Amino acid sequence: MFRKKECVAMLLAGGQGSRLYALTETTAKPAVPFGGKYRIIDFPLSNCVNSGIDTVGVLTQYQPLVLNEYIGNGQPWDLDRTAGGVTVLPPYQAKDGADWYKGTANAIYQNLNFINRYEPDYVLILSGDHIYNMDYSKMLDYHKEHNADCTIAVINVPLSEASRFGIMYTDEEERITEFVEKPKEPKSTKASMGIYIFGRKLLEKFLIMDAKDPSSENDFGKNIIPAMLASGARMFAYKFEGYWKDVGTIDSLWEANMDLLGDNPAFNLHDRRFKVYSRNDARQPQFIGKQATVLNSLITEGCEIYGTVVNSVLFSGVYVAPGAVVRDSVIFSDSMIMGGSIVDYSMLDHDVVVGTGAVVGTKKAKGRKITVIGAQNSIDPGMEIKEGAMIYPPNNITNEEEDQ
Amino acid sequence: MVEGIVFSGLHDDAIPELTRERTMASLPFACRYRLIDFPLSTLVNAGITNVYVIAQRNYQSLTDHLGSGKDWDLARRSGGLRIMTPYISAFAGNAMAKFNSRLEALKTISNAVFSMTGDYVVLADCDGICNINLNDMIDQHARSGADITIAVKKVNVTPERGERSVIIESDETGRITGALVRPSRIAGSHDINLNIWVVSRRYLQSMLHDALSKGLTSMSRDFLCRNAAYAKYMIYRYEGYYASLTSLQDYYASSMGLLSSNEDRNSIFNVKNRPIITKVRNSTPTKYSDGAVVKNSLIADGCVIEGTVENSLLFRGVHVGKNTVIRNSILFQDTYTGNSVSLDCVIADKNVVIRDYRKLSGYETLPFCIGKGKMV
């Protein structure tokens with residue numbers, strides 16, 4: 001038996017995150033670690049729970065193992081419910097054939113039966129690649145007040161960057177008049193955040209139409225939204241003010257981690273009014289040794305720090321030996337930074353060992369590039385890893401010099 | 001199958017400074033744990049999933065901490081965690097509702113004990129810190145065919161310590177010959193009872209029958225001392241780290257001991273396949289500001305540190321203000337210290353607020369305790 005829900009959230013978590021290179025080699029982007037003890041998907045999931053949405057479908061496709069394991073039964077987010085809760089929705093084999101999710105809209109289309117079981121009035125579409133805290137219930141209220149068919153959350157971006165986003169043109173009542181995906185000469189700064197609320201019936205109608213169109217790319221931004229606009233549907237922009245960051249590239253992921261630091265951080269994790277939930281395992285408290293120096297950093301349980309850590313974010317169980325220096329870096333779980341080594345302006349994935357006296361990256365300065373070390377790599381003692389290197393996890397080591 | 005019984009409040013009077021508003025089992029220890037985490041994790045790590053926790057007084061903090069038991073994987077459809085609250089009948093005879101010993105506590109859950117079906121039962125108190133390999137102890141118990149096996153550790157007993165301990169005497173085969181219950185004027189190297197026992201289930205049930213019909217009240221006195229010649233009681237020698245918490249001084253010294261010895265700390269918290277599990281609070285990572293100076297300290301998540309912290313333990317959500325200096329202190333969950341505060345040898349209980357410019361200090365042998373929720 002399925003209890004009716006007012007709103008069901010569908011979280012698109014199948015993305016590969018190819019611009020995170022080594023960090024998404026074996027992990028889907030939403031499962032990429034962030035902020036010391038979180039993964040990217042914790043943010044939309046916690047937002048759902050904090051907004052009173054207790055039924056969430058998570059659409060997975062690329063490298064789902066870590067992600068599936070992480071979501072589990074949804075217990076860390078209180079989504080282990082008898083009625084509703086979190087459900088992982090992988091692509092499946094149907095009677096008339098098996099298909100991968102061809103696009104964002106197609107993924108939702110293939111799971112209309114999941115949505116319909118709860119007979120929701122509204123469907124909230126989310127993506128798993130952004131860091132932000134948002135109360136979706138306010139957006140839903142806005143949607144209802146405007147008697148809208150579709151509401152799209154937008155955020156003001158600098159005009160210079162607007163051509164990277166899907167841009168909304170609206171009238172004075174915030175009704176959307178035009179939508180352009182990555183415009184060359186943007187005239188508006190209202191960027192789509194990839195958060196949509198639809199009336200269920202209308203969404204279903206458009207998804208079915210879209211699925212019948214062989215020329216469609218089955219994408220919300222490219223197909224569904226323009227088609228709805230053309231049909232004259234009531235579509236509104238919902239302005240969001242607050243921190244929001246796409247963490248789809250190495251640079252932006254590093255920046256978003258750094259945004260957590262400082263006395264007045266751009267994004268304040270320590271605001272107790274808006275809790276972000278995550279799956280943690282039992283680790284001992286962090287130990288800071290007698291000779292250690294820790295400045296302007298975030299450090300998590302299980303860490304043992306005997307060296308110097310400055311302007312960095314350390315995940316659980318990181319070991320920094322006496323004499324080691326970690327600067328302007330993000331280090332994922334259980335990595336070991338051995339004595340006398342230096343890690344500068346880098347991102348290290350989990351279980352990396354930086355040998356004695358090794359040097360990873362170069363001191364942060366304008367024009368310098370971030371160095372990335374993939375999971376489970378061992379950097380030999382005394383070895384130097386030059387600035388901007390991208391080292392893939394073992395068995396797949398290439399020296400990629402691609403532009404990030 | 002093995003079942004477990006945890007006695008949560010048999011030692012509530014040991015540290016009155018900290019147990020006035022909570023039972024011993026929910027006494028915070030080592031930045032993020034409560035005492036019950038140690039016996040409970042020990043049981044769970046040995047694969048024991050049927051666990052009874054006997055509660056008596058001030059157990060609200062305990063039920064809050066344990067919840068459904070899901071953090072320990074004990075929220076089960078069959079078995080799992082059961083909190084046994086005091087048994088008070090609407091009819092006459094509530095004598096059993098209050099108890100001071102293990103045997104009396106077991107009488108209050110006699111129905112549960114008599115319905116047990118496993119081979120062995122593990123009994124554990126909440127008064128010490130250790131990470132013992134219970135499976136090894138259960139194996140030894142099964143091999144030796146003992147009725148009771150008691151975990152002991154050889155320690156140097158001082159007269160003061162002796163008065164707060166049970167000393168187990170055994171022969172060279174490890175068979176227990178007697179017990180000294182809180183002896184006075186004893187000193188030297190002795191085996192002390194760690195209050196972790198493995199008992200054969202049928203033997204436990206027969207002891208309880210005996211106790212109910214004869215009005216016996218003490219396991220140590222009525223069984224251990226009297227029956228040692230007839231029944232088979234064995235010791236299990238534990239060599240690892242053990243801290244008994246029988247006074248505030250013990251508590252303070254054991255906490256500080258975690259800072260001075262990496263080996264001790266790792267032998268409790270860093271044992272492969274035997275993690276100490278506690279309630280997850282979803283704290284943020286701890287934030288160190290540009291002005292932070294932290295040395296030789298154990299720190300939980302969720303703290304914000306803007307000042308100096310040396311030789312101290314900070315629990316979750318502690319705030320250390322600018323120019324504040326914290327030395328040799330233990331600050332419980334959500335303690336807030338303002339700017340330019342100075343603390344030395346202080347234990348601040350939960351939610352204490354210490355305002356700007358306050359200077360407080362105690363001494364190693366008598367740390368200064370600030371009660372729960374107080375503002376200085």
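This tour moves through a predicted model of chains A and B, selection by selection.

**Stop 1: the interface of chains A and B**

Display both chains and select the residues at their boundary. Here 40 residues of chain B are in contact with 41 residues of chain A. The area buried between the two chains is about 3,300 Å², and carbon and sulfur atoms give 43% of that area. On the chain B side, select Asn282(B), Lys287(B) and Tyr288(B): these residues lose the most area to chain A, and together they account for 21% of what that side buries.

The rule finds 23 residue pairs in polar contact across the interface, with both residues at pLDDT 80 or more. Colour chain B by secondary structure and select α11 (262–269), β14 (286–288), β15 (293–295) and β16 (297–299); each of these elements of chain B supplies at least two residues of the side that touches chain A. Among the contributors, α11(B) gives the most, with four residues. Colouring by residue class then shows 17 nonpolar, 12 polar and 11 charged residues on the side of chain B that touches chain A.

**Stop 2: Glu301(A) and its partners**

Remain at the interface, across which three salt bridges are found. Select Glu301(A) together with Arg32(B): the two form a salt bridge in which the closest N and O atoms are 3.1 Å apart.

Which residues complete the picture as a network of salt bridges? Select Lys37(A), Glu301(A), Arg32(B) and Asp301(B), which are linked in such a network.

**Stop 3: helices α1 and α2 of chain A**

Select α1 (42–50) of chain A. This helix is mostly covered, with seven of its nine residues buried. The buried residues are Asp42(A), Phe43(A), Pro44(A), Leu45(A), Ser46(A), Asn47(A) and Cys48(A). Just after α1(A), centre on Gly52(A), where phi is positive at about 80°.

Continue to helix α2 (residues 64–71) of chain A, whose buried residues are Leu67(A), Tyr70(A) and Ile71(A). Why do these residues lie on the same side of α2(A)? They cover an arc of only 95° around the axis, and this places them on the same side of the helix. To see what covers them, show β3 (38–39), α1 (42–50), β4 (55–59) and β5 (85–89) of chain A, which are among the covering elements. Just after α2(A), Gly72(A) takes a positive phi of about 50°.

**Stop 4: helix α8 of chain A**

Select α8 (residues 250–258) of chain A, the helix that holds Met258(A). Is Met258(A) buried or exposed? Its relative accessible area is 15%, so Met258(A) counts as buried. Leaving aside residues up to four places away in sequence, Met258(A) touches Asn311(A), Ser312(A), Asp328(A), Ser329(A) and Val330(A).

The side chains of Glu255(A) and Lys245(A) meet in a salt bridge, at 3.0 Å from N to O. Glu255(A) counts as partly exposed, at 35% relative accessibility, whereas Lys245(A) is buried, with a relative accessible area of 17%.

**Stop 5: a salt bridge within chain B**

Finally, select Arg22(B) and Asp349(B), which form a salt bridge with the closest N and O atoms 2.7 Å apart. Arg22(B) lies in the loop between α1 (16–19) and β2 (28–29) of chain B and Asp349(B) in the loop between β25 (346–348) and β26 (353–354), so the pair ties together parts that are 327 residues apart in sequence. Arg22(B) counts as buried at 1% relative accessibility, and Asp349(B) is also buried, with a relative accessible area of 4%. Over all chains, the count of salt bridges comes to 32.

How values were computed:
Residues numbered from 1 in each chain as written. Chains lettered and ligands numbered in written order. Predicted model: local features only at pLDDT ≥ 70, side-chain atom pairs only at ≥ 80, totals over all residues. Heavy atoms only, no water. Buried < 20%, exposed > 50% of the residue type's maximum accessible area, 1.4 Å probe, protein only. Arc of directions from axis to C-beta. Contact = heavy atoms within 4.5 Å. Buried area = accessible area lost by both parts, 1.4 Å probe. Salt bridge = Lys/Arg side-chain N within 4 Å of Asp/Glu carboxyl O. Polar contact = N/O pair within 3.5 Å; in protein donor to acceptor, adjacent residues only side chain to side chain. Nonpolar A, V, L, I, M, F, W, Y, C, P; charged D, E, K, R; others polar.
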